[in-house]
Amino acid sequence: MRLLLRIHTLLVLVFLYLPIAVIVVLSFNQSRFGVQWRGFTTAWYEKLFHNPRIALYAENTLVVALVSTLIATVLGTLLALGLYRYRFRGKGLLRFLLYVPVVIPDIVMGVALLLFFAWIREATGFFRLSLLTIILGHVTYQLAYVALVVRSRLASLDPALEEAAADLGAGGFATFRYVTFPLIWPGVLAGALLAFSLSLDDFVITFFTAGPGSTTLPLYIFGSVKRGVTPEIHALSSILIAASMAGVLLGRALLRRR
Amino acid sequence: MDRSAASPLRRLFRLLVTVWPGALWLFVFMVVPAFFMLVASFLQRGPHGTLVGPLTLANYLRFFGLTETGFDPLYLLILARSVFFALVVTLLTLLLGYPLAFAIAQSRHKEALLLLVVLPFWTNFLIRIYAWIVIFQKKGVVNAFLGMFGLEPLALYPSWFAVYTATVYTYLPFLVLPVYTAVERVDWTLHEAAQDLGAGRFRSFLHAVWPQTLPGVVAGVLLVFIPALGTFVISDLLGAGRVILIGNVIQQQFGVVRDWAFGSAAAYVLMGLVLLGLWLYARRAGEEGLDRLV
């Protein structure tokens, strides 16, 4: 039984890593077509670095991820805090709404935003499809994730600490600044990291809210793959794989230190 | 922890700086678009793909096969096919993921193994799909491997097989994580007690362990089933036009076909199906159960 479980685990790990290994190995292959090994080369990487469009798409992707994460982290943290501290009308509905972006298929959110932006644009001229509309879309689901992560951190908080601060004369803001925030900070950081990687990874929402001139790396990869498989895409993918793995390990180290 | 002693004005101010910005954002960019889409689903496609009145049920009737020329179950069949597809994908991830969750929980290198399983999931979704094209295409990895033994190449891409493989691959971690959390909490003394009372290994597992992992399994099943039901990217890239799921229908209506009214109706049917499932789940598992989905 033990042995069977080991073999199963090994096979699943092979299944999980085979596609990644294939891409990375082929990115160093001299052959332009097919998968036959024709010798080691870094030519595809050099080609990639000399492609100015790739730099632009990477910049777009990072701008979207940074700006949307910043907005979503602030709004989501405050929302979680308000939900934790205060009682108000519509609280149940709001709590329900937080789960919607997490569980609804992303294509539904994507087309709803596309329709919404199109209608507003027709009426007012605002919301031309651009990096801005992508950011607005990303914040909408990131916000929910951040709020849920921070809320679970708040739920594990000892209320006596905040009460003690209040008893010692700290006002609402001082309590937040010196007691609550340092305690929930790991949750905020975890939420922000999650939001950031969700934005980097997102294809569907971006696909429906992007316009001309706001191509991101996932959109570029999608377009290229529809035209056919090329070694440049192998190289680009390998870089992104390395970056995301480094990011995950860095994020874990960061969270563990706290 | 409600400081109700505060004056109404202060209470309002506190809500204004904490809850309001986020709530307003969700209202404007989620609730309003959903409402717009609901309205659109009752409109019609005008010239050049615009939306025109009067309000009509025609989009929904067409989806369910009731057209002016008689019964045509085209979209109903696609919906049924999508549900079947998502069910099979869920079953396959369960077969792969459930034992894996136990293996991780019982391993001496728990943390490392868990990280190994989750790591591929953090690499870009499209890259993972793309990799399967490289593996399955005509001159891909599988066929190169077969060729080494003098075997005939297989037509693996585009195919349903490729779509299934990539979908299971993509959503496997979604199942493993909640099941693993449940396995970690299993009370093994029940299992021992069952064996002491003479139950065989299989029976004691079935009655003492499986029920304890069930909440994690249900959460994992939903986390795989829902995105598999709504996918269009995987079927588009690995099916290359041969595999049409409900997600592809929606995407085509908002893309090349430009019939936003019908596309909205199809999106609402998909959303209705998902919300129905979630409602049934939330009724049994409560908010704690919803938290397991995050």
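Reader: Before I look at details, what conventions apply here?

Author: Residues are numbered from 1 along each chain as its sequence is written, while chains are lettered from A and ligands numbered from 1 in the order in which they are written. The model is predicted, so local features need pLDDT of at least 70 and side-chain atom pairs count only at pLDDT 80 or more, whereas totals for chains, interfaces and linings use all residues.

Reader: What average pLDDT does chain B have?

Author: pLDDT is the predictor's confidence in each residue, from 0 to 100. Where it is low, the predicted coordinates should not be read in detail. Chain B averages 87, and 98% of the residues score at least 70. For the complex, the predictor gives an ipTM of 0.88 and a pTM of 0.89.

Reader: How many helices and strands does chain A have?

Author: Helices (H or I, at least four residues) and strands (E, at least two) are DSSP runs, numbered from the N terminus. Chain A has eleven helices and zero strands. Its C-alpha atoms fill a box of roughly 75 × 65 × 35 Å along the principal axes.

Reader: What share of chain A is buried?

Author: A residue is buried if 20 or more other C-beta atoms lie within 10 Å of its own, exposed if 12 or fewer, and partly exposed in between, with C-beta atoms placed from the backbone. In chain A, 41% of the 258 residues are buried.

Reader: And how should I read contacts along the chain?

Author: Two residues are in contact if their C-beta atoms, placed from the backbone, lie within 7 Å. Take the contacts in chain A between residues at least 6 apart in sequence: 78% of them join residues at least 24 apart.

Reader: Which domains does chain B have?

Author: Domain bounds come from an automatic or database domain assignment. For chain B it gives domain 1 (1-41) and domain 2 (76-291). Their centres, taken over C-alpha atoms, are 35 Å apart. Four residues from domain 1 of chain B and six residues from domain 2 of chain B make the contact. The domain 1 side of it has three nonpolar residues, one polar and no charged.

Reader: Which residues have the most contacts inside the largest nonpolar core?

Author: A nonpolar core is a set of buried Ala, Val, Leu, Ile, Met, Phe, Trp, Tyr and Cys residues joined through C-beta atoms within 7 Å. The largest one has 155 residues, and those with the most contacts inside it are A:Val111, B:Tyr130, B:Leu238, B:Ile250 and B:Ala266. Both domain 1 and domain 2 of chain B give residues to this core, so it lies between them. B:Tyr130 touches A:Ile221, A:Val225, A:Ile233 and A:Ser237, not counting residues up to four places away in sequence.

Reader: Why is helix 12 of chain B described as largely enclosed?

Author: Eight of the nine residues of this helix (residues 246-254) are buried, so the rest of the structure largely encloses it. Among the buried ones are B:Ile250 and B:Phe254. They pack against helix 5 (106-124) of chain A together with helix 4 (74-106), helix 10 (201-230), helix 11 (233-239) and helix 13 (260-291) of chain B.

Reader: Which backbone angles deserve a second look?

Author: Most residues other than glycine have a negative phi, and most peptide bonds are trans. The bond from B:Tyr157 to B:Pro158 is cis, with omega near -5 degrees, and B:Pro158 lies in the loop between helix 7 (141-148) and helix 8 (160-184) of chain B. B:Ala240 has a positive phi of about 45 degrees although it is not a glycine, and B:Ala240 counts as partly exposed because it has 15 C-beta neighbours inside 10 Å. For B:Arg258, phi is near 55 degrees, and B:Arg258 lies in the loop between helix 12 and helix 13 of chain B.

Notes. Ala, Val, Leu, Ile, Met, Phe, Trp, Tyr, Cys and Pro count as nonpolar, Asp, Glu, Lys and Arg as charged, and the others, Gly among them, as polar.
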